[in-house]
Amino acid sequence: MKKLEDLQDLINEAVNKLAFPTYRAALYEPISYILSLGGKRMRPALLLLACDLFGGDVEAAISPALAIEAFHNFTLMHDDIMDNAPLRRGKATVHEQWNKNVGILSGDVMLVHSYKLMMQVADHILRLVLDIFNTTAVGVCEGQQLDMEFEERNNVGIDEYINMIRLKTALLLGGALKIGALIGGAENKDAELLSNFGEHLGIAFQLQDDILDVYGDPEKFGKQVGGDIISNKKTYLLIKALELADEKQANELSDWIALKQFNNTQKVTAVTTIYNALEVRRYAENAMQTYADKAFEALDAINLPEAHKQYLRDFADGLLVREN
């Protein structure tokens, strides 16, 4: 069984070999640019891993794995435009490097290219794989739409938030694992269970990210601690705090959310003090553990050698016991 790190290296090599036409540089250079920014390549590597777990040919899974990576970066390209984000992985975003119109059109071509890559799976699973990919792609867009709607709402519920992160973040993880399993020759039932494992793990991972944003070590977290508080992002912690707060705490939270000008440190300290008083970290950690348990429950039911399942357990544990 291949190590995940080796599969990530394999994806990096494949990404570097991707060739796009040179005659429409303004259209294709942004695609090469965003793919060159790197990242962990976790989703495509997990597709390869799923294929390998079921005894499939990893080489046959590289094109669909690249499709997952191309689709993921397409969403990042368009998300950056919607968020007016100046940086992506420490470099200028595509719309900053070129302009918004270029970012939109290059993203569109990137989406089409991801389908061209996904269609290189074997004919006997092509329709099934494309159906999974379509469902995943629509779900990710629905998740992004919900995330944008939440920015304008003050009454977001925990269940709504969990569904949003399931769609926006976790669904692609589950979809990648499911497609990889099918390429590897897995039965539909096992592919579905592996997808459930990935989906629940993805939700737990995002909840962990919410917690780290407030309580992580700034030197290890890799980004500004309290960034979600500063930007009024609807996270599990904020939604739970608004749910549990008494009138005084609710008013204080609302005042900080409404303020247009403020000292970042003061705001983070004040909101974190309310979080601590309401013990929202404990609620978030319990929720994270609930979804981790659901992931492991799905994993236990998969028809795989115990050593293979243990590898996935260790991977999940490493993902959820982290500081960055």
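Reader: Which residues touch the most other members of the largest nonpolar core?
Author: This is a predicted model, in which local features need pLDDT of at least 70, side-chain atom pairs count only at pLDDT 80 or more, and totals for chains, interfaces and linings use all residues. Residues are numbered from 1 along each chain as its sequence is written, and side-chain values use heavy atoms, without hydrogens and water. A nonpolar core is a set of buried Ala, Val, Leu, Ile, Met, Phe, Trp, Tyr and Cys residues joined through side-chain atoms within 4.5 Å. Among the 107 residues of the largest one, those with the most contacts to other members are Leu47, Leu48, Leu194, Phe197, Leu207 and Tyr275.

Reader: Which helix gives the most to this core?
Author: Helices are DSSP runs (H or I, at least four residues) numbered from the N terminus. With 14 residues, the main contributor is helix H8 (residues 158-183).

Reader: Is Ala298 buried or exposed?
Author: Buried means under 20% relative accessible area, exposed over 50%, and partly exposed in between (1.4 Å probe, protein chains only). Ala298 lies in helix H15 (residues 280-300). Because its relative accessibility is 8%, Ala298 counts as buried.

Reader: Which residues does Ala298 contact, leaving aside neighbours within four places in sequence?
Author: Contact means heavy atoms within 4.5 Å. Phe197 has Ala298 among the residues it touches, along with others including Leu177 and Leu312. For Ala298 the partners are Leu193, Asn196 and Phe197.

Reader: At roughly what angle do the axes of H3 and H8 cross?
Author: Axes are lines fitted to C-alpha atoms, for helices over the stretch in contact, with angles from 0 to 180 degrees between N-to-C directions. The axes of helix H3 (residues 42-53) and H8 come within 7 Å, and the angle is roughly 30 degrees.

Note on methods
Helix = DSSP H or I, 4+ residues; strand = E, 2+ residues; numbered from the N terminus.
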